[in-house]
Amino acid sequence: MRITAAMRSIWFGLVDPRQVRQTPTEAAAAVFAVAVLAVSLVGTLCTLWEQGSATLVRESAILSQQAPASAGSTEGIDLSLPQRQFTGALGGTLIITIVSYAALAGVFMILVRFLTDCAVSYSKAIIATSSLALVSMLDSVIATALHVTTGTIQIGLHAGLWLPPSESPMLFTWLQLISLESVWRYLAIAAALVTWENLHWRYGIVVGLVVWGITRAIFGLMALVGWIVGLQGAGQLAP
């Protein structure tokens with residue numbers, strides 16, 4: 001029953017976020033679990049798809065500021081088997097997805113309460129956040145298809161389209177976050193929450209843009225700090 005409610009909620013998140021309020025709050029854990037698992041599975045498959053291109057692997061290594069990893073082993077662990085590669089990638093993606101969804105729900109709960117004076121519960125926030133799982137999955141598939149087709153991670157529906165990743169990895173990483181998908185997702189989450197509290201969905205536009213702007217600014221500040229630290233490290237290594 002709760003799995004059915006979770007699937008309905010995720011479908012509503014794609015076609016009409018205002019209907020997410022039909023999801024019972026008792027199904028919050030089920031919606032969260034289904035969304036996290038689905039997004040992680042799709043994200044893992046897309047990552048493995050991109051690993052088939054040596055160029056994409058090199059560009060990803062530049063963004064993460066690491067040497068390209070060997071498919072055979074990682075820190076003494078044999079990853080030559082496809083099953084182990086998939087499991088390892090899935091584990092990392094699951095952790096990232098769980099933390100990001102839980103944190104984003106908390107941010108929305110706090111800011112929606114502050115901006116609308118509505119007593120939004122964390123259960124509602126986690127349902128609204130998780131209900132946009134299909135949007136995230138579609139974005140992952142489209143982005144990966146564009147990367148594989150063009151042979152570069154530079155191409156995508158984001159602000160980093162005009163900046164080669166190798167020129168400024170940290171700036172490019174931040175510009176990737178300024179994307180069509182992120183705006184759509186934040187507006188939809190906010191619309192779902194405000195309509196749940198019997199406000200007009202237009203309030204969600206304002207709330208969603210405010211939350212989106214705050215989070216982009218925070219990520220930008222983190223990128224700036226990382227860039228400054230990198231410059232200081234390079235200065236210390238210079239003769």
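This is a predicted model: local features need pLDDT of at least 70, side-chain atom pairs count only at pLDDT 80 or more; totals for chains, interfaces and linings use all residues.
**Confidence**

The mean pLDDT of the chain is 85, and 86% of its residues reach 70 or more. Confidence is highest in helix α5, at a mean of 96, and lowest in strand β1, residues 73-74, where the mean is 46. Over residues 67-74 the pLDDT stays under 50, and for this stretch the model has 13 contacts beyond four places in sequence.

**Salt bridges**

Side chains of opposite charge can pair when their charged atoms come close. The structure holds three salt bridges, which are listed here with the distance between nitrogen and oxygen.

| Pair | Distance, N to O |
|---|---|
| R18 and D16 | 3.0 Å |
| E197 and K124 | 2.9 Å |
| R185 and E181 | 2.8 Å |

In the pair of R18 and D16, whose side chains meet in a salt bridge, the two partners can be described by their relative accessible area. R18 is partly exposed, with a value of 37%, whereas D16 is buried, with a relative accessible area of 18%, and D16 counts as buried because its value is under 20%.

The side chains of E197 and K124 also meet in a salt bridge. This pair links distant parts of the chain, since E197 lies in the loop between α8 (180-196) and α9 (202-237), while K124 belongs to helix α5 (residues 122-130), and the two residues are 73 residues apart. K124 is buried, with a relative accessible area of 17%.

The salt bridge of R185 with E181 lies within helix α8, and because these two residues are four residues apart in that helix, they are separated by about one helical turn. Both R185 and E181 are buried.

**A crossing of two helices**

How do the axes of helix α1 and helix α2 cross, and within what distance do they come? The axes of α1 (residues 2-15) and α2 (residues 28-50) come within 8 Å and cross at roughly 65°, and the crossing is right-handed. On the side of α1 the contact is made by R2, I3, A6, S9 and I10, and on the side of α2 by A30, V31, V34 and A35. Sorted by class, this contact of α1 with α2 has seven nonpolar residues, one polar residue and one charged residue.

Note on methods: Residues are numbered from 1 along each chain as its sequence is written. Side-chain values use heavy atoms; hydrogens and water are left out. A salt bridge is a side-chain nitrogen of Lys or Arg within 4 Å of a carboxyl oxygen of Asp or Glu. Buried means under 20% relative accessible area, exposed over 50%, partly exposed in between (1.4 Å probe, protein chains only). Axes are lines fitted to C-alpha atoms, for helices over the stretch in contact, and angles run from 0 to 180 degrees between N-to-C directions. A crossing is left-handed if the near helix is turned anticlockwise from the far one by less than a right angle, and right-handed if clockwise. Contact means heavy atoms within 4.5 Å. Ala, Val, Leu, Ile, Met, Phe, Trp, Tyr, Cys and Pro count as nonpolar, Asp, Glu, Lys and Arg as charged, and the others, Gly among them, as polar. pLDDT is the predictor's confidence in each residue, from 0 to 100.
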